[in-house]
Amino acid sequence: MTIDWSWMGDHTDDLTTLTISHLQAALTAVLLGVLISLPLAVIAHRIRPLRGFLLGLSNVLFTIPSIAIFVLLLPVSGLTRTTTVIGLTIYTLVVLLRNTVEGLDSVPTKTKEAAQAMGTRPLRTLLTVEFPLALPVIMAGVRIATVMSISLVSVATYIGDGGLGQLFTDGFQRNFPTPVIAGVVLTLLLAVVADALLVAVQYVLTPWRRRRA
């Protein structure tokens, strides 16, 4: 298997455009997943009867094949980026919701009681005590969801989107391995860089863990 380096040079603009499009789809899905999972996780954490239902529902959605989800969404949102983002967001929920619930569960009861004893309102306790202490577990979920979304964007090629996944289709159809290799390498780089940046964000947002170390 040989790589046509001249093809790489001739298609630099196309590779850049597809990479940006790929990243935008993945990050938008993760952001929406976080915004949806946070309130749902609080509900699941506070109202135990709903915990099993919400986590079970997210698990059921995760078992649906990604192509099937995109196809099911076509009558609603059509062959658009919206279909890709909705499908990816559904997949992020199972990881983000479970990790957020587990993160909130990991906060010591005595810590919450101490905050309440100081007159801190429940919402303020949640935002200034529980979420910060749960952040390492939540961020672990965000990292997994981000890498997963970056890898799944390519599947959306079947509905006319897919970012770097278009390189796979082009290469396979023409029996030309260079676009496929370029797509694989760029997807891996996106996942590695995104994960490294999230580790850095977590490091900045959890200074107490550095002091403890």
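**Helical architecture and salt bridges of the predicted chain**

In an unreviewed entry, UniProt lists residues 19–198 as "domain: ABC transmembrane type-1"; UniProt positions are given in the numbering used here, feature names are shortened, and annotations may be inferred rather than shown by experiment. The model is predicted, and local features need pLDDT of at least 70, side-chain atom pairs count only at pLDDT 80 or more, and totals for chains, interfaces and linings use all residues. Residues are numbered from 1 along each chain as its sequence is written, and side-chain values use heavy atoms, with hydrogens and water left out.

The protein chain contains ten helices and zero strands, where helices (H or I, at least four residues) and strands (E, at least two) are DSSP runs numbered from the N terminus. Along the sequence the pattern reads α-α-α-α-α-α-α-α-α-α. The span of residues 19–198 is 85% helix and 0% strand, and its end C-alpha atoms lie 19 Å apart. Taken along the principal axes, the C-alpha atoms of the protein chain fill a box of roughly 70 × 45 × 25 Å.

Of the 213 residues of the protein chain, 44% count as buried; buried means under 20% relative accessible area, exposed over 50%, and partly exposed in between (1.4 Å probe, protein chains only). The accessible surface of the protein chain comes to about 11,700 Å², and carbon and sulfur atoms account for 68% of that surface. Accessible areas come from the Shrake-Rupley method with a 1.4 Å probe, and for residues only the protein chains shown count as cover. Among contacts (heavy atoms within 4.5 Å) between residues at least 6 apart in sequence, 76% join residues at least 24 apart.

The protein chain carries 15 positive and 11 negative side chains, and the centres of the two sets lie 21 Å apart. In this count Lys and Arg are positive and Asp and Glu negative, while His and the chain ends are not counted; the place of a charge is taken as NZ of Lys, CZ of Arg, CG of Asp or CD of Glu. Side chains of opposite charge can pair when their charged atoms come close. A search of the whole structure finds five salt bridges, a salt bridge being a side-chain nitrogen of Lys or Arg within 4 Å of a carboxyl oxygen of Asp or Glu.

One of these salt bridges joins the side chains of Arg46 and Glu130, at 2.9 Å from N to O. The pair links distant parts of the chain, with Arg46 in helix 2 (residues 12–46) and Glu130 in helix 7 (residues 122–152), 84 residues apart. Arg46 is partly exposed at 43% relative accessibility, whereas Glu130 is buried, with a relative accessible area of 3%.

A salt bridge is also formed by the side chains of Arg51 and Asp105, with an N to O distance of 2.5 Å. Here Arg51 lies in helix 3 (residues 48–63) and Asp105 in helix 5 (residues 81–105), 54 residues apart, which again links distant parts of the chain. Asp105 counts as partly exposed at 29% relative accessibility.

Arg143 pairs with Asp195 in a salt bridge whose closest N and O atoms are 2.8 Å apart. This pair, too, links distant parts of the chain: Arg143 is in helix 7 and Asp195 in helix 9 (residues 177–205), 52 residues apart. Both residues are partly exposed, Arg143 at 28% relative accessibility and Asp195 at 21%. Salt bridges that share partners join Arg48, Arg51 and Asp105 into one network.

Individual positions were also examined. Ser66 is placed in helix 4 (residues 66–77) and is buried at 14% relative accessibility. Apart from neighbours within four places in sequence, Ser66 is in contact with Tyr91, Leu152 and Val155. Ile90 lies in helix 5 and touches Leu61 and Ile69, not counting residues up to four places away in sequence. Between Ile90 and Ile64, 26 residues apart in sequence, the C-alpha to C-alpha distance is 9.9 Å.

Val129, in helix 7, is buried at 15% relative accessibility. With neighbours within four places in sequence left aside, its contacts are Thr111, Ala115 and Arg124. Val129 and Lys112 are 17 residues apart in sequence and 7.3 Å apart in space, C-alpha to C-alpha. Asn175 is located in the loop between helix 8 (165–174) and helix 9 and is exposed, with a relative accessible area of 70%. Although Asn175 is not a glycine, it has a positive phi of about 55 degrees.
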